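Visitor: I have a model open and want to learn how to read its features. Where do we start?

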Amino acid sequence: MSFLSKLKERLFKTSSKIKEGVDSLLTDGTTDENLASHSEISPENPEEILEKVSNDNSKKIRIENKKETLFSKLKKNVEKPKRRLVDDSMLENLEDLLISADLGVATAVKISASFSESYFGKRLSAAEIKLALAKEIKRMLDPVAKPIAIMKQGLQVILVVGVNGSGKTTTIGKLAKQFKTAGKKVKIVAGDTFRAAAVQQLEVWGERVGVSVIKASEGSDPAALSFDAISVAEKEETDILIIDTAGRLQNKTDLMQELAKIVRVIKKAKPEAPHSTLLVLDASIGQNAINQVEIFQKTADISGLIMTKLDGTAKGGILVALADKFQLPIHAIGIGESIEDLQPFDPEEFTIAVTGAEKL
């Protein structure tokens with residue numbers, strides 16, 4: 001199954017919310033069905049029309065022609081999709097729909113305003129509305145869809161941060177596999193020195209993907225471990241060093257200060273490092289992701305985002321809100337546990353999956 005197919009299948013809660021929401025827009029307001037009474041031809045039974053006319057052959061021919069025209073138009077009306085007038089009421093409903101899909105108020109208003117500018121006063125089918133929304137969303141996502149930049153030579157240090165349970169450790173294992181497949185010599189630093197389980201999980205991933213894991217005794221200073229790991233990696237001509245950090249809530253000041261210390265010590269070991277600081281976000285937290293980005297950005301100078309757990313959540317739209325607000329690169333998205341379920345972020349694939357549009 002292709003990644004797009006998996007994405008469409010596993011983002012069903014978000015795409016269903018928008019798809020069903022757009023369909024419901026056509027059950028209210030002025031649609032083509034509401035205009036049936038204004039049709040040129042009355043929907044009388046043509047057989048009754050025939051009974052009311054004389055036996056004059058010429059009149060019969062005219063009535064038969066009228067009968068044929070009536071049936072043709074009725075058939076054509078049945079075949080045509082229902083359409084909705086884009087008016088103030090429809091736009092208000094559209095905003096509410098986008099907010100419920102977790103795009104956030106500011107982003108929903110921006111998309112609705114652009115949609116209004118292009119389509120106000122026009123009559124659109126559900127498919128046309130989805131396509132118009134998809135184009136607006138893709139326009140926001142295109143500038144931030146950037147892969148992680150890989151240095152051609154020298155040691156590249158990648159620091160990975162995030163809150164507890166965001167999928168950080170699993171993401172590191174998948175990235176290590178991808179970098180190794182690309183021909184890079186990779187090492188992982190088990191920087192969560194306070195949780196033995198976190199170290200063990202990274203060791204399992206290291207064995208699985210064939211990369212070594214640098215660790216220290218439980219309770220060791222993670223900043224000192226990072227410093228030493230950079231020295232080891234340079235001696236062993238490592239291409240990419242991925243440093244894990246303890247999961248920390250963004251509102252815990254002491255833990256955020258510890259993260260700031262890790263960054264300072266990394267810079268002492270290698271002034272230009274970390275070359276990338278990746279924030280791993282759990283899609284299911286919805287709008288809380290905005291607060292996480294703001295705090296982590298101040299503390300660790302985030303260079304890019306990876307969003308995990310997009311499968312099975314109705315809050316996938318948060319990715320659009322993040323792109324609109326921060327313009328930070330979105331490097332990859334995750335939709336499952338297997339290595340193949342973390343892929344570079346493709347705005348077209350994501351937009352099709354999240355809006356239920358057929359294609360762009």
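Guide: Start with exposure: buried means under 20% relative accessible area, exposed over 50%, and partly exposed in between (1.4 Å probe, protein chains only). Helices here are DSSP runs (H or I, at least four residues), numbered from the N terminus. This is a predicted model: local features need pLDDT of at least 70, side-chain atom pairs count only at pLDDT 80 or more, and totals for chains, interfaces and linings use all residues. Residues are numbered from 1 along each chain as its sequence is written, and side-chain values use heavy atoms, with hydrogens and water left out.

Visitor: Which residues of helix 5 are buried?

Guide: An α-helix has 3.6 residues a turn, so residues three or four places apart point the same way. In helix 5, M90, L91, L94, L97 and L98 are buried. They line one face of the helix, because their directions, taken from the helix axis to the C-beta atoms, fall within an arc of 115°.

Visitor: Which residues are exposed on the other side of helix 5?

Guide: D88 and E92. After the helix comes D102, with a positive phi near 75°.

Visitor: Is T169 buried or exposed?

Guide: T169 is buried, because its relative accessible area is 7%. T169 sits in helix 8 (residues 168-181).

Visitor: What is T169 in contact with, leaving aside its neighbours within four places in sequence?

Guide: Contact means heavy atoms within 4.5 Å. T169 touches A198, Q201, L202, W205 and D244 in that sense. T169 and W205 are 36 residues apart in sequence, yet 8.7 Å apart in space, C-alpha to C-alpha.

Methods: Helix = DSSP H or I, 4+ residues; strand = E, 2+ residues; numbered from the N terminus.
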